[in-house]
Amino acid sequence: MIRHLWTGTRMLLIMIGLVLVYQAVATGLAQVLLPYQANGSLIRRNGVVVGAGPIGQAFTAKKFFWSRPSAASYNAAASAASNYGPTNPALLKEVKGNLAAFLKANPGVRPSQVPIDMVTSSDSGLDPDITVASALIQVPRVAAANGLSASSVRALVVSQEVGRWLGMYGLPHVNVLRLNLALMKLAQHSGS
Amino acid sequence: MTIPGILGILLFTAVAVAIAKPVGLYLYAVFNDGRTWLDPVMRPLEKRIYRWTGVNPSQEMRWTQYFLAILAFNLVGFVVLYIFLRIQAGLPFNPQHLKDVGPHLSFNTAISFMTNTNWQAYGGEFTMSYVSQTMLVVQQVLSPITGLAMVVAFIRGFSRKSGSNLGNFWVDLVRAVLWIMLPVSLISTLVLVAMGTPQNWLPYVSAHTLQGPTQSIAQGPVASMTAPMQFGDNGGGYFNMNAGQPYEAASAASLLFQSLLGVSIPVGLTYYFGKAVKDTRQGWIILGAMVLMFLGGTLVTYHAEAAGNPLLHRLGLKGPNMEGKEVRFGPALSSLFETLTTAVSWGSTAAANDSLMPIGGLVPLFNMMSGEVIIGAWGVGLLGMLAFAILAVFLAGLMVGRTPEYLGKKIQSFEVKMAVLAMIVPTFVILGFTAWAVSSKGGQAGIYNPGPHGLSEVLYAYSSGVGNNGSAFGGLSAALPFYTWTVGLAMLFGRFAMYIPALAIAGSVSQKKTVPPSAGTFPTNTWLFGVLLIGTVVIVGALVFFPALALGPLAEHFALWAGHVFGGGS
């Protein structure tokens with residue numbers, strides 16, 4: 001056993017060395033070949049970092065398309081889910097609250113029209129996406145708040161749609177941050 | 001359930017079966033001195049490592065020596081990781097100035113990564129410095145290989161005509177690191193980065209969001225951890241929410257790539273097994289039994305998740321259960337991944353298991369309780385399945401009254417006793433600890449969801465620990481000392497209660513002469529045996545948990561559809 005421990009210690013040191021080499025080579029190659037993704041796919045606007053493409057952020061103003069509810073308050077340094085079980089009254093309370101807020105902000109929408117992803121919190125608390133249906137149902141509110149026509153905003157949503165991968169995997173969705181950036185651009189051009 | 005969703009699940013399964021043979025052939029070349037395209041680079045390095053460590057590669061080990069070498073290597077790995085976690089604040093590469101990890105959590109985490117469990121009672125982005133994450137990667141590289149070496153040794157016991165040696169652990173370890181783990185991890189890292197996973201050593205980014213407030217965005221060497229984590233079926237994610245965190249799996253394509261990585265070695269091993277015992281049908285039947293059980297479980301989970309929560313439907317809402325799910329994955333891919341996470345035992349999650357529907361959560365629980373043999377992690381999955389196969393031929397032998405044999409070796413009382421031991425110990429540990437937790441103050445304090453769901457949380461925790469899985473019903477306060485210690489012990493029991501009997505069986509059968517099949521031999525390369533194997537897994541492996549499942553997820557299921565909630569009236 002002592003002999004094995006001695007061999008094991010030397011073996012572990014070599015393995016740690018190999019992992020360090022692996023980490024260094026991986027980081028080096030990633031930084032040289034794919035610097036944008038390797039550094040977090042950050043999105044800049046007028047030179048300022050406004051977020052990261054894959055990471056969701058909170059949108060609650062009327063003029064923006066809303067993100068999904070988040071158990072992490074969109075803190076991208078502490079991802080979290082609600083972890084509410086399906087029979088937990090806290091889940092019902094949360095969803096009821098989300099639904100009421102959504103209906104209030106989008107007058108004329110009935111509960112049965114609200115896509116379920118808009119009132120439930122995501123796994124990471126950082127879901128960057130909403131389903132296409134969730135974006136479309138917000139179009140009248142967003143268009144009115146930005147002084148845009150509903151048809152132009154609807155066309156914007158459709159142009160941002162990401163379909164199912166291979167036609168099978170995931171839900172058709174839009175990235176909320178990218179959609180809102182495109183929306184701001186559209187409002188700027190047609191406004192002033 | 002939608003047609004694209006079902007097609008996606010079927011396509012993934014087909015691809016997983018299709019890669020079994022090429023992966024198996026490569027594994028065979030690596031462990032049997034065959035030729036591979038990596039030889040020119042790796043052979044000289046391999047020789048040098050043996051020289052530095054004083055290993056004589058031609059010296060073979062008996063099963064006891066092989067086990068002691070594994071034990072020694074695990075022990076050293078545990079101690080070194082524990083020390084690094086305890087002193088991380090004083091080490092460089094800690095831009096967020098994270099504190100030392102406490103003693104309870106360090107113990108739990110070091111055991112967890114050493115045993116290939118990767119149970120995480122912490123959130124990575126707010127607990128671990130970059131040095132600590134790297135030391136976790138060391139165990140993510142090494143711990144799956146311990147399992148792989150185990151099954152390679154086990155198969156040698158069956159495939160060798162005579163002799164009592166099972167190979168050399170250090171050689172199996174070094175070859176697996178150089179030829180399998182590191183090259184695949186390196187390529188996969190780059191694929192993941194291309195799909196949106198960061199790979200840097202920078203401080204966290206502060207972004208000025210469009211609405212005004214700043215958002216701190218965690219960074220780090222995420223891709224180079226995710227690659228071996230997923231390839232080695234470890235499961236310990238860089239971030240708290242693991243593959244749900246969009247940096248770790250930025251798209252459905254990325255999640256599928258990671259799933260394929262995770263499933264590759266386990267399915268390849270079934271072909272390796274068949275080739276090693278010189279009858280590839282033996283391997284295909286085992287893989288067939290695994291895939292059938294996996295597919296059944298996935299469709300059940302998907303059905304439950306797609307049906308959605310009737311309590312929410314009462315509010316007028318429609319649609320699937322999206323609480324704790326990401327839009328880019330949706331219910332079908334989430335169900336596939338959450339079933340895979342306990343079937344292949346990688347333990348990383350892309351949806352909140354605690355928020356799955358009761359039946360959606362029951363399937364992952366069942367996968368773990370049946371011993372993580374439905375595909376299973378590197379080596380240990382096949383090992384568990386072969387223990388079930390020994391029981392299956394024993395049961396078949398009882399029915400016709402003959403001495404059973406498996407792969408030409410007589411199965412006698414010693415082998416059956418060991419196989420049963422490998423199943424009984426985990427059962428006792430899971431049910432014993434669960435009973436203790438739900439009947440003690442320390443255990444109850446950690447339960448998050450009220451009612452039967454709370455029992456499911458605790459059952460899940462110990463099943464995950466014993467099965468060396470690592471996924472969790474995340475609401476449980478796993479960082480409480482009660483759970484860090486009991487789950488820590490469960491992980492150790494689960495690992496070694498499997499290793500010792502398995503190697504003992506291998507050592508015992510390796511000394512037996514191979515007997516040629518006779519008219520009374522029960523053939524184990526037929527679908528009849530496949531069905532018998534599934535029956536054994538379900539009846540022997542999981543039925544013992546039925547009362548616990550009835551009180552947890554099943555009770556919750558029926559209450560839910562009757563309109564009940566727990567702990568808040570109405």
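# Reading chain B: a tutorial dialogue

Modeller: Let's start with the inventory: chain B has 20 helices and 4 strands. Helices (H or I, at least four residues) and strands (E, at least two) are DSSP runs, numbered from the N terminus. This is a predicted model, in which local features need pLDDT of at least 70, side-chain atom pairs count only at pLDDT 80 or more, and totals for chains, interfaces and linings use all residues. Residues are numbered from 1 along each chain as its sequence is written, while chains are lettered from A and ligands numbered from 1 in the order in which they are written.

Biologist: How is the radius of gyration of chain B to be read against the globule rule?

Modeller: The radius is taken over C-alpha atoms, and the rule is 2.2 Å times the number of residues to the power 0.38. For the 570 residues of chain B the rule gives 25 Å and the model has 23 Å, which is close, so chain B is as compact as a globular protein of that length. Along its principal axes, the C-alpha trace spans about 75 × 55 × 45 Å.

Biologist: What percentage of chain B is buried?

Modeller: A residue is buried if 20 or more other C-beta atoms lie within 10 Å of its own, exposed if 12 or fewer, and partly exposed in between, with C-beta atoms placed from the backbone. In chain B, 62% of the 570 residues are buried.

Biologist: And how many of the contacts join residues 24 or more positions apart?

Modeller: Two residues are in contact if their C-beta atoms, placed from the backbone, lie within 7 Å. Among contacts in chain B with a separation of 6 or more, 78% are between residues 24 or more positions apart.

Biologist: Which domains is chain B divided into?

Modeller: Domain bounds come from an automatic or database domain assignment. Here domain 1 covers 3-202 + 217-274, and domain 2 covers 377-561. The centres of these two domains of chain B, over C-alpha atoms, are 23 Å apart. Their contact takes 43 residues from domain 1 and 40 residues from domain 2. On the domain 1 side, α4 (63-86), α5 (103-114), α6 (130-159) and α9 (252-276) of chain B each supply at least two residues, and α6(B) gives the most, with 9 residues.

Biologist: What is the make-up of that domain 1 side by class?

Modeller: Ala, Val, Leu, Ile, Met, Phe, Trp, Tyr, Cys and Pro count as nonpolar, Asp, Glu, Lys and Arg as charged, and the others, Gly among them, as polar. The side of domain 1 of chain B that touches domain 2 has 22 nonpolar, 17 polar and 4 charged residues.

Biologist: How many residues of chain B are in contact with chain A?

Modeller: On chain B there are 107, meeting 89 residues of chain A. Helix α7 (residues 169-194) of chain B makes up the largest share of the chain B side, 9 residues. By class, that side has 63 nonpolar, 36 polar and 8 charged residues.

Biologist: Is B:Asp354 buried or exposed?

Modeller: B:Asp354 is buried, because 27 other C-beta atoms lie within 10 Å. This residue is in the loop between α12 (330-343) and α13 (358-369) of chain B. Beyond its neighbours within four places in sequence, B:Asp354 is in contact with residues of both chains, including A:Asn83, A:Gly85, B:Asn449 and B:Phe473.

Biologist: How do I read the two faces of a helix?

Modeller: An α-helix has 3.6 residues a turn, so residues three or four places apart point the same way. Take α19 (residues 527-542) of chain B: its 16 residues reach 21 Å from first C-alpha to last, close to the 22 Å expected at 1.5 Å a residue. That expected span is 1.5 Å times one less than the number of residues. Its buried residues include B:Phe529, B:Leu532, B:Leu533 and B:Thr536. Down the axis of α19(B), the buried residues fall within an arc of 160 degrees, so they line one face of the helix. The arc is that of the directions from the helix axis to the C-beta atoms. B:Trp527 and B:Ile539, on the other side of α19(B), are exposed. Among what covers the buried residues are α10 (280-307), α14 (380-400) and α15 (413-438) of chain B.

Biologist: What about the phi of B:Ser345?

Modeller: Most residues other than glycine have a negative phi. B:Ser345 has a positive phi near 60 degrees, and this residue lies in the loop between α12 and α13 of chain B. B:Ser345 counts as buried because of its 35 C-beta neighbours inside 10 Å. B:Phe93 also has a positive phi, near 55 degrees, in the loop between α4 and α5 of chain B. With 14 other C-beta atoms within 10 Å, B:Phe93 is partly exposed.
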